Amino acid sequence: MALYSGPGFALYNGTPILQSSSIDFDIQTDNKDVNTQLLGRAGMSPGPKKVQASINCAIPQNGLEFDWVRIANAQVEIPLAFKLANTTYACTGDVRSVKLSSSVDKANEVSFEFHGTLDSTTTG
């Protein structure tokens with residue numbers, strides 16, 4: 001029987017985001033096809049690589065683990081990293097949107113969208 005990696009997690013300023021319940025991490029090259037009249041698809045043109053992440057977090061009774069509303073409102077770049085299957089993806093970017101939600105059938109949540117660049121990957 002094969003063993004598989006456990007859940008990944010995100011780090012803000014090197015500190016694990018403990019309250020996250022789900023993370024979607026998307027690496028996009030935005031490469032473009034180069035099409036010619038005689039050759040058809042002749043190759044590709046490298047694009048402006050970027051990453052996007054969506055993170056959902058439960059909100060503890062004493063308040064947000066990290067104040068994503070304040071961070072987004074500041075409109076500054078932040079370091080965010082993602083660790084999955086023994087590999088860490090270090091990124092720099094900004095928080096584009098924050099959503100606070102409350103419902104009678106689950107814990108209060110904060111979710112945010114991060115857009116940035118992949119700075120490095122490390123294994124171990």
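Mentor: Two strands count as a pair if DSSP finds at least two bridges between them, and please keep in mind that this is a predicted model.
Trainee: Okay, how many bridges join S7 to S8?
Mentor: Strand S7, residues 78-84, and strand S8, residues 87-103, are joined by 7 bridges, and the two strands run antiparallel.
Trainee: And which residue is the bridge partner of Leu84 in S8?
Mentor: That partner is Thr87.
Trainee: What order do the strands of the sheet come in?
Mentor: The sheet is open and consists of 7 strands, which follow the order S2-S1-S7-S8-S9-S6-S3 with antiparallel pairing.
Trainee: Which strands stand at the edges?
Mentor: Those are S2 (15-16) and S3 (20-28), and because each has a single partner strand, one side of each is left without a neighbour in the sheet.
Trainee: Switching to rings, how many aromatic pairs does the structure hold?
Mentor: There are 7 aromatic pairs, and one of them brings together Tyr12 and Trp68 in an edge-to-face arrangement, with 5.2 Å from centre to centre and 65° between the planes.
Trainee: Where do Tyr12 and Trp68 lie?
Mentor: Tyr12 belongs to strand S1 (residues 9-12) while Trp68 belongs to helix H1 (residues 68-74), so this pair ties together parts that are 56 residues apart in sequence.
Trainee: Are Tyr12 and Trp68 buried or exposed?
Mentor: Both of them, Tyr12 and Trp68, are buried, and ring pairs also link these two residues with Phe66 and Phe112 into a cluster.
Trainee: What about the rings of Phe25 and Tyr89?
Mentor: Their centres are 5.6 Å apart and their planes stand at 45°, so that pair counts as tilted. It links distant parts of the chain, since Phe25 sits in strand S3 and Tyr89 in strand S8, 64 residues apart.
Trainee: Why does Phe25 count as partly exposed?
Mentor: Phe25 has that label because its relative accessibility is 26%, and Tyr89, at 23%, counts as partly exposed too.
Trainee: New topic: where is Lys32, and is it buried or exposed?
Mentor: Lys32 is placed in strand S4, residues 32-36, and it counts as exposed because its relative accessibility is 52%.
Trainee: Which residues does Lys32 touch?
Mentor: Leaving aside residues up to four places away in sequence, Lys32 touches Gly43, Met44 and Ser45.
Trainee: How many residues apart are Lys32 and Asp94?
Mentor: Lys32 and Asp94 are 62 residues apart in sequence, and in space they are 25 Å apart, taken from C-alpha to C-alpha.

Methods: Residues numbered from 1 in each chain as written. Predicted model: local features only at pLDDT ≥ 70, side-chain atom pairs only at ≥ 80, totals over all residues. Heavy atoms only, no water. Helix = DSSP H or I, 4+ residues; strand = E, 2+ residues; numbered from the N terminus. Buried < 20%, exposed > 50% of the residue type's maximum accessible area, 1.4 Å probe, protein only. Contact = heavy atoms within 4.5 Å. Phe/Tyr/Trp six-rings, centres within 6.5 Å; stacked < 30°, edge-to-face > 60°.
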